[in-house]
Amino acid sequence: MEALNDKKDMIFVTGTDTNVGKSVLSLLIMSYLLAQGERPFYLKPIQTGCEGPYDRDSDARFIYENVESLKDKDPADSMIYCFRNPKAPLLAARDEDKEIDLVLIKKISEQKAATCSHLVIEGAGGLMVPVDKETSMADLISITGARPIIAARAGLGTINHTLLTLEALRSRAIEPYGVVFMENTRKGTSPEMIEENRRTIEELSGVMVAGTIGIIEDFSDIPRASYGPLERIFG
């Protein structure tokens with residue numbers, strides 16, 4: 001399947017693992033772009049472990065509830081596929097005797113991209129998660145023609161996971177914007193470990209680690225520092 005035209009205004013938020021912070025990073029990208037006077041649109045092509053766009057576990061609902069300009073809009077507009085079981089898309093779709101139509105995802109991505117300034121696509125799980133028997137989430141990035149930003153854990157283990165993710169992108173000739181460390185423990189990662197992880201990943205991959213986003217307690221009052229990595233990526 002041919003990809004859409006490669007456009008700087010199409011962003012694919014992927015992660016080194018599941019539950020690594022992709023939705024939070026997507027929310028921050030949306031909020032950042034809106035603050036710059038842009039007109040971004042959020043799209044979640046596939047979600048698993050969710051009953052529908054209004055479910056409390058819906059990523060689209062999370063975005064719409066926490067972006068002021070979206071609170072009166074319908075999160076169903078941002079979701080294409082939703083499957084109940086929290087599994088890889090291939091398996092979750094199979095449990096419901098359904099198949100994921102990549103042509104439909106490409107078509108809807110193209111339609112949404114034509115109506116906004118930036119299309120912010122959030123993936124499901126990591127890059128090698130199977131969408132169908134022949135297609136991975138990494139392949140979906142190529143199909144949409146978007147450029148990825150990688151959400152990675154800030155602490156121990158992130159060097160391995162991040163370098164593997166970058167290698168998978170490199171093997172497909174996909175150039176990422178960069179990596180953003182996502183803090184996911186209230187205890188936090190020591191500044192020394194974060195700096196060591198950042199320096200090692202940049203030295204070994206040549207890809208920028210734009211910074212770290214800490215735990216956000218209140219999404220109605222996002223700390224200014226949380227946008228620092230995005231300013232380095234898009235600025």
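Predicted model: local features only at pLDDT ≥ 70, side-chain atom pairs only at ≥ 80, totals over all residues.
Start with strand E1, residues 10-15. The strand is mostly covered, with six of its six residues buried. In a regular strand the side chains alternate between the two faces of the sheet. In E1, Met-10, Phe-12 and Thr-14 point one way. Ile-11, Val-13 and Gly-15 point the other way. Both sets are buried.

Next, look at the strands that pair with E1. Strand E4 (residues 118-126) runs parallel to E1, and five bridges join the two. Strand E5 (residues 147-153) also pairs with E1 in the parallel sense, over five bridges. In E5, Phe-12 stands opposite Pro-148.

Now turn to the aromatic rings. The structure holds five aromatic pairs. One of them joins Tyr-32 and Phe-234. This pair is stacked, at 6.1 Å centre to centre with 25° between the planes. It links distant parts of the chain. Tyr-32 sits in helix H1 (residues 22-35), whereas Phe-234 belongs to helix H8 (residues 228-234). The two residues are 202 residues apart.

Phe-234 is at 23%, so Phe-234 counts as partly exposed. The cut-off for buried is under 20%.

Tyr-32, Tyr-177, Tyr-227 and Phe-234 form one aromatic cluster.

Terms used. Residues numbered from 1 in each chain as written. Heavy atoms only, no water. Phe/Tyr/Trp six-rings, centres within 6.5 Å; stacked < 30°, edge-to-face > 60°. Helix = DSSP H or I, 4+ residues; strand = E, 2+ residues; numbered from the N terminus. Buried < 20%, exposed > 50% of the residue type's maximum accessible area, 1.4 Å probe, protein only. Pairing = 2+ DSSP bridges.
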